[in-house]
Amino acid sequence: MEKDKKSRVCVDPARGAMSLSVWAAEWLERRVIGEATRRNYEGFVRNHLVPRLGRKPLGGLARRDFEKFVKDIYRGGAGLAASTVHDRMVMVAAIMEAAVIDKRITENPARGIRISRGDTLAVDEDELPTPAEVDLIAEHIAPYFRLTVYLQSGTGQRPSEALAFSTECRRPGFVRIRWQVSAKAHQEDCQTPFVPLKHRLEKECRDIPTALFIEQEIDAHLRRWKPMPVVFTGQKGKRIQLETLFAPRQPGVGVMPSISSYGHQFKKACLSAGLVDLDGNAKYTPRSLRHFFASTALANGVPIHEVSRWLGHRSVKTTVDIYGHLLPSAWDRCREVLQRAMRPIPPDATSQPAEEASSNGSARAM
């Protein structure tokens, strides 16, 4: 038996020899949680936690293991947003905390592990879809979600925001985004299918300019599907009704589409369109469309502080960290400005060949 000096808890090393994969499976089996939450947890454990750390014994896991784990899944092309990684690490910390309570380990090495601001992942410009590929995805996705593709690529909305699009969002020349679908929006008994935007209060919103093709896609969608009213209770207890564009028409399929169901349709569209990587997997994710919007706007001179506001980032620094390298090069302009400030070139001198100007200068010096 070993005794932790700080907590004075006796721990049998043999109990810490259980592998993380076995312990995580036992932990999940004991949890009383909703089916959707269980599927999300099991998917994360199966696809990310077990392949990287599953074989290690509980007693052999250190904080550095989980720090590396977080960085690897965030930077390794898994397509998980920082907020998603943070949410899943709360679960991982709970798994390890249960091991502490069960006296298998003396302390929780996963507690408080988060992605730091310095780990913000810059988008890879070689992994952005082209305009033609965006159209290809819209062509192959289920017709009901075609508009979602263009709301993301044309206004930079998150998937949860695009799925919450309603008639009240549409304004002359812009869209006003105020809501996003909640994680439980697809459940029949969900009382709060819509929640405030990320980093925002319920009363806050953001306005995003819309190009003509966005207006045309909205019109095309409304000609085929009429808006569906969804009534819900806001955070302050007020009853609110939205005329939503993506509420399901058939009974028994939930209140709103889930992020996972949209992601599934998006993946199918990429595979059907032949947009795959070398391993045959879908080349893009719904986040790729948001990146397309931001990178296209910035590459064509739209100010980054405006793009940051339209994306709904908490700080413009986040936008710079992710997209700053895509801004038009300022090298030539900087050289010109400094030259003009320090060594102005006479207008008539600019037309002379370099050798001629040099010889004339030498002649004048003689």
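Buried means under 20% relative accessible area, exposed over 50% and partly exposed in between, computed with a 1.4 Å probe on protein chains only. The model is predicted, so local features need pLDDT of at least 70 and side-chain atom pairs count only at pLDDT 80 or more, while totals for chains, interfaces and linings use all residues. Residues are numbered from 1 along each chain as its sequence is written, and side-chain values use heavy atoms, with hydrogens and water left out.

**View 1. The protein chain as a whole.** The secondary structure comes to 14 helices and nine strands; helices (H or I, at least four residues) and strands (E, at least two) are DSSP runs, numbered from the N terminus. Of the 366 residues, 40% count as buried. Among contacts with a separation of 6 or more, 62% are between residues 24 or more positions apart; contact means heavy atoms within 4.5 Å.

**View 2. Helices H1 and H2.** Two packed helices are described by the angle between their axes and the distance between the axes. The axes of H1 (residues 20-30) and H2 (residues 35-53) come within 10 Å and cross at roughly 170 degrees. Axes are lines fitted to C-alpha atoms, for helices over the stretch in contact, and angles run from 0 to 180 degrees between N-to-C directions. H1 and H2 are therefore roughly antiparallel, a term for angles over 145 degrees, with under 35 being roughly parallel, 65 to 115 roughly perpendicular and the rest oblique. H1 contributes Leu20, Ser21, Ala24, Trp27, Leu28 and Glu29 to the contact, and H2 contributes Arg38, Tyr41, Glu42, Val45, Leu49, Val50 and Leu53.

**View 3. The bend in H2.** H2 bends by about 40 degrees at Val45; the bend is the angle between axes fitted to the seven residues ending there and the seven starting there. Val45 is one of the buried residues of H2, which also include Arg38, Tyr41, Phe44 and His48.

**View 4. The sheet E3-E4-E7.** This open sheet has three strands in the order E3-E4-E7, with antiparallel pairing; two strands pair if DSSP finds at least two bridges between them. Strands E3 (170-171) and E7 (206-209) stand at the edges with a single partner strand each, so one side of each is left without a neighbour in the sheet. E4 (residues 174-177) is joined to E3 by two bridges and pairs with E7 over four bridges. Arg176 has Asp207 in E7 as its bridge partner.

**View 5. The E3-E4 hairpin and the faces of E4.** Two residues lie between E3 and E4 in the hairpin, and Gly173 in the turn has a positive phi of about 80 degrees. Arg171 stands opposite Phe174 in E4. In a regular strand the side chains alternate between the two faces of the sheet. Val175 and Ile177 form the covered face of E4, and Phe174 and Arg176 the uncovered one.

View 6. Leu201 lies in the loop between E6 (194-196) and E7, and counts as exposed because its relative accessibility is 53%. Its C-alpha atom is separated by 9.6 Å from that of Gln235, 34 residues apart along the chain. Lys103 is in the loop between H4 (82-101) and H5 (131-140), and its relative accessibility of 45% makes Lys103 partly exposed. Most residues other than glycine have a negative phi. Phi of Lys103 is positive, near 60 degrees.
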